[in-house]
Amino acid sequence: MANTDRPAGLKPVKNLGGSPWNGKANVYYIPSTDDTATFIGDMVVLAGSADDTGMYPSVTQAAAGDTDNVGVIIGFGKDPSLMADPDNLSMKYRLADVAMYCLVVDDPFVIFEVQEDSDGDAYIAAASVGLAANVVVGSGSTTTGKSGMELDSSDVSTNTAGQLRILRAVNRPDNALGIHCKWEVLIAEHVYREQVTVVDV
């Protein structure tokens, strides 16, 4: 059976140690000067500022190749203590040029599920498990609020360069190697993961 083509960005599924994801996330801020609409499942990077209180760092949607990735959005709110918009309870995403707070799964050891883009009907092979690749930034859905980000199947690297580390194909009856396969990945280029350099003494 062919895999369903249903991009939805990155979805947290578990921790690297094998335990289930516990639902934890931290609040960040997207200022009104950000002119890119943002969706649930979008990977984001630090934007180098914060809201007026200084308590909530600002973020913006990640682009392919960004190395200062901080995590993945799972919700939006008009207030840091309420991940909803009281004036629009059906809100599912953040419009461009609108100041919003967002919940970001920023633990560098959370594993995410993401669909590969299979551009040109090329797909990631089993031999690519353990390698790295960047994201492809697609258009999010204003109906579901879900991201259009996918794993770039044509960008698998044989070295350490790449935003996402490919861990394994998702073990589920509706998923198999091939076009639009879903993968478990770790954010390899994460701003909060210390890069350790081994020095001979």
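This is a predicted model: local features need pLDDT of at least 70, side-chain atom pairs count only at pLDDT 80 or more; totals for chains, interfaces and linings use all residues.
**View 1. The pairing of β11 with β12.** These two strands run antiparallel and are joined by five bridges. L164 has I187 of β12 as its bridge partner.

**View 2. The largest nonpolar core.** This core has 20 residues, and L10, M43, F112, L151, L164, W183 and V185 are the ones that touch the most other members. At least two core residues come from each of β3 (43-50), β7 (110-115), β11 (164-169) and β12 (182-187). Another core, of 11 residues, lies apart from it and includes Y28, V44, M91 and C102. In soluble globular proteins, nonpolar side chains tend to be buried together.

**View 3. The surroundings of M43.** When neighbours within four places in sequence are left aside, the contacts of M43 include L10, V72, V135, M149, L164 and I187. T60, Q61, N69 and Q163 are also among the contacts of M43.

**View 4. The largest pocket.** The space in this pocket is about 520 Å³. Its lining is made of 28 residues, with R6, A8, K11, E113 and K146 nearest the centre. β1 (11-15) and β7 are the elements that give two or more residues to the lining, and β7 has the largest share, three residues. Sorted by class, the lining holds nine nonpolar, 12 polar and seven charged residues.

Conventions: Residues are numbered from 1 along each chain as its sequence is written. Side-chain values use heavy atoms; hydrogens and water are left out. A nonpolar core is a set of buried Ala, Val, Leu, Ile, Met, Phe, Trp, Tyr and Cys residues joined through side-chain atoms within 4.5 Å. Buried means under 20% relative accessible area, exposed over 50%, partly exposed in between (1.4 Å probe, protein chains only). Helices (H or I, at least four residues) and strands (E, at least two) are DSSP runs, numbered from the N terminus. Contact means heavy atoms within 4.5 Å. On a 1 Å grid over the protein atoms alone, a cavity is a set of points where a 1.4 Å probe fits but cannot get out, and a pocket is an open set with protein on both sides within 12 Å along at least five of seven lines; lining residues have an atom within 4 Å of a point. Grid points are joined across faces, edges and corners, and a volume is the space filled by probe spheres set on the points. Ala, Val, Leu, Ile, Met, Phe, Trp, Tyr, Cys and Pro count as nonpolar, Asp, Glu, Lys and Arg as charged, and the others, Gly among them, as polar. Two strands pair if DSSP finds at least two bridges between them.
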